[in-house]
Amino acid sequence: MLRIAGGTVYDPANGIDGVVTDLCIADGRLVAEADLPAGARTIDASGTIVMPGGVDVHTHVAGGALNFARGLVPENQRVSRKFLHGVDRRAGLGGMTPTTFATGYLYAGMGWTTVNEAAVPILSARHTHEELHDIPIVDKTTLVLMGNNEFVLDLLEAGETERAKDVVAWLVWAAKAYGVKAVNPGGVEAWKWGKNANTLHAPIEGYKTVTPAQIIASLAAVVDDLKLPHPVHLHCNNLGVPGNFATTIETMNVLQGHRAHLAHLQFHAYGGDDWSTMRSESARVAEAFSANKNLTADAGAVLFGDAVTITADGPWQHLLYQLTGRKWGNLDVENETGCGIVPYVYKDRNLVNAVQWAVGLELLLLVDDPWRIFLTTDHPNGGCFWRYPEIIQMLMNAEFRKEQVRTLPDKARQRIVLEDLDREYTLTEVAIITSAGPARSLGLTRKGHLGVGADADVTIYPVNPDHGFLFSYPRYVIKGGAIVVEEGDLRHVTEGREFIVRPACDDAIEDYIRPLFEKVYTMSFANYPVEMERLRRPEVIPCDRR
Ligand SMILES: [Zn+2]
């Protein structure tokens, strides 16, 4: 029981834009004033900014790929400056790929209370859930990789779309996932033969008729038919490649009005013919995106400095390795997907990196509806999630942002439009791109707002003209009604929940999958679906989204 008294509340989902009011909390939820039991503790929030807890729509915090990255970059284990006030004590906290504990503390310490792990192969879903258990405080959802699943692709080739829908539904529940992800549709399947899928309308390697366009359209339709709370989550083809903006816009056309979320849009908005002519095409991508109201996206912004690129997009990672000569790891996940890892450093002197840095910010500024584009760095691909406040600072302060642009090489400045953009985000818009918008896109109706009945995930920031500082150090963070951060210190560790879905599915589909599975997988079928007992504090969210 808690009263947050006299804070200036920003709750855009309920139309509250900087209003001084009290919030009342009981049994982990926001309640009406009349329902707050007597004797509740009061937090004096006068002179502070009160927002719903942050919701990360796209991040990588658990599972096989991340562990592979941890193994590939052991030097990261020595990086701990963020935690220990700048002193490197070799605490083994994980650096760019933080440990499970550090992940929860860092998100909560920044005022973010829900995270969506955006890439889970079914084969490693059990492991992913084990790690998610281990991440304290925050609530979680997961997306299961489906854009290169051979069972699904074979059914599309055979024209059996109804059965494909049942297979997708069965696989989502087998993984105890929340939604469907498609990474480089068809391209990761082709990568098993060392190929990629660079055009949307040509059949992919190993198939006579199945094209990336067909996979995208079919999965979007299946997810809509199954009424999953979150639309198909798309990592478009040709990630990272000069000229890829055309593929991104064509992907929007292929969706034909179906709902979709376009992941890390920054990596998909480049012009030019090659690396030496690469330029920003954020204006054209933003214009096409804005016209397609069925879509949401996250920025996938890049920050200069260290990163680790981790993606199911195996062919892209191989290309990045060839371009950079850095360490490279590749995993093949049987009939489902792939995975590649390349540690990376974004440099402001590097033309390509400078364009990437600008494009993420440009998209956030050019898409004028904040309800449709959200703050992410595709952690740890474009930068680490705990650096989000640096991006907020640049969005809120045009002059500060332009100062950064002016330090870039002239050659880079000619290829971007960031210097021409004067927009400055308001606090309400920040609350939308960090919480209200992603919660709505994820279909998590009790997240991202502070109305009666919402989960009591509330962040209280001290007023500070330095927005980078402000959003790094909340004074209080309340998660599910418990005060986890108090006076800027992590005081209390709670356990988050995991949201999953159980889409409608013809039970007989198991008779179709079992023999196929026993023929082609190395694991036994009985061990494949993740048992409900593996999940701690699961909550099944209804599939009723229209
Ligand atoms: Zn990602």
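In which sense do β10 and strand β11 (residues 260–262) pair, and over how many bridges? The two strands pair in the parallel sense, over three bridges. The legends below begin with this part of the structure.

The structure is a predicted model, in which local features need pLDDT of at least 70 and side-chain atom pairs count only at pLDDT 80 or more, whereas totals for chains, interfaces and linings use all residues. Residues are numbered from 1 along each chain as its sequence is written, and side-chain values use heavy atoms, with hydrogens and water left out.

**Figure 1**
Helices (H or I, at least four residues) and strands (E, at least two) are DSSP runs numbered from the N terminus, and two strands pair if DSSP finds at least two bridges between them. Strand β9 (residues 179–183) pairs with β10 in the parallel sense over three bridges; here lysine 181 has histidine 233 of β10 as its bridge partner. Towards β11, valine 232 is bridged to alanine 260. β10, helix α8 (residues 245–254) and β11 form a right-handed β-α-β unit; a crossover is right-handed if, with the strands pointing away from the viewer, the path from the first strand over the helix to the second runs clockwise. In a regular strand the side chains alternate between the two faces of the sheet. In β10 (residues 232–235), both faces are covered: Val232 and Leu234 on one side, and His233 and His235 on the other, are all buried. Buried means under 20% relative accessible area, exposed over 50%, and partly exposed in between (1.4 Å probe, protein chains only).

**Figure 2. The zinc site.**
The zinc ion is coordinated by His58 (NE2), His60 (NE2) and Asp378 (OD), at 2.0 to 2.1 Å. The spacing of these donor residues in sequence is H-x1-H-x317-D. Histidine 60, in the loop between β6 (54–59) and α1 (64–72), and aspartate 378, in the loop between β18 and α12, are 318 residues apart. Histidine 60 is buried, with a relative accessible area of 9%, and aspartate 378 counts as buried at 5%. Donors are N, O and S atoms within 2.8 Å of the metal (3.2 Å for Na, K and Ca); water is not among the atoms, so sites may look incomplete.

**Figure 3. Stacked aromatic rings.**
Rings of Phe, Tyr and Trp (its six-membered ring) pair if their centres lie within 6.5 Å; planes under 30 degrees apart count as stacked, over 60 as edge-to-face and the rest as tilted. The count comes to 15 aromatic pairs by this rule. One of them is the stacked pair of tyrosine 107 and phenylalanine 385, 3.7 Å centre to centre with 5° between the planes. Tyrosine 107 lies in helix α2 (residues 100–109) and phenylalanine 385 in the loop between β18 (373–374) and α12 (388–396), so the pair ties together parts that are 278 residues apart in sequence. Both tyrosine 107 and phenylalanine 385 are buried. Tryptophan 170 and phenylalanine 525 are also stacked, because their ring centres are 5.5 Å apart and their planes lie at 10°. Tryptophan 170 belongs to helix α5 (residues 161–174) and phenylalanine 525 to the loop between α17 (509–520) and β24 (538–540), 355 residues apart. Tryptophan 170 and phenylalanine 525 are both buried.

**Figure 4. Charges over aromatic rings.**
A charge sits over a ring if NZ of Lys or CZ of Arg is within 6 Å of the ring centre and within 35 degrees of the ring normal. The charged end of lysine 176 is placed over the ring of tryptophan 173, 4.1 Å from its centre. Arginine 372 lies over the face of phenylalanine 289, at 4.5 Å from the ring centre.

**Figure 5. Salt bridges.**
A salt bridge is a side-chain nitrogen of Lys or Arg within 4 Å of a carboxyl oxygen of Asp or Glu. The whole structure contains 37 salt bridges. Among them is the contact between aspartate 224 and arginine 259 (2.8 Å, N to O). Aspartate 224 is in helix α7 (residues 212–225) and arginine 259 in the loop between α8 and β11, so the pair ties together parts 35 residues apart in sequence. Arginine 259 counts as buried at 14% relative accessibility. In a further salt bridge, the closest N and O atoms of glutamate 539 and arginine 446 are 3.0 Å apart. Arginine 446 is buried, with a relative accessible area of 19%. Arg446 and Glu539 are part of a salt-bridge network that includes Arg29, Asp139 and Lys447.
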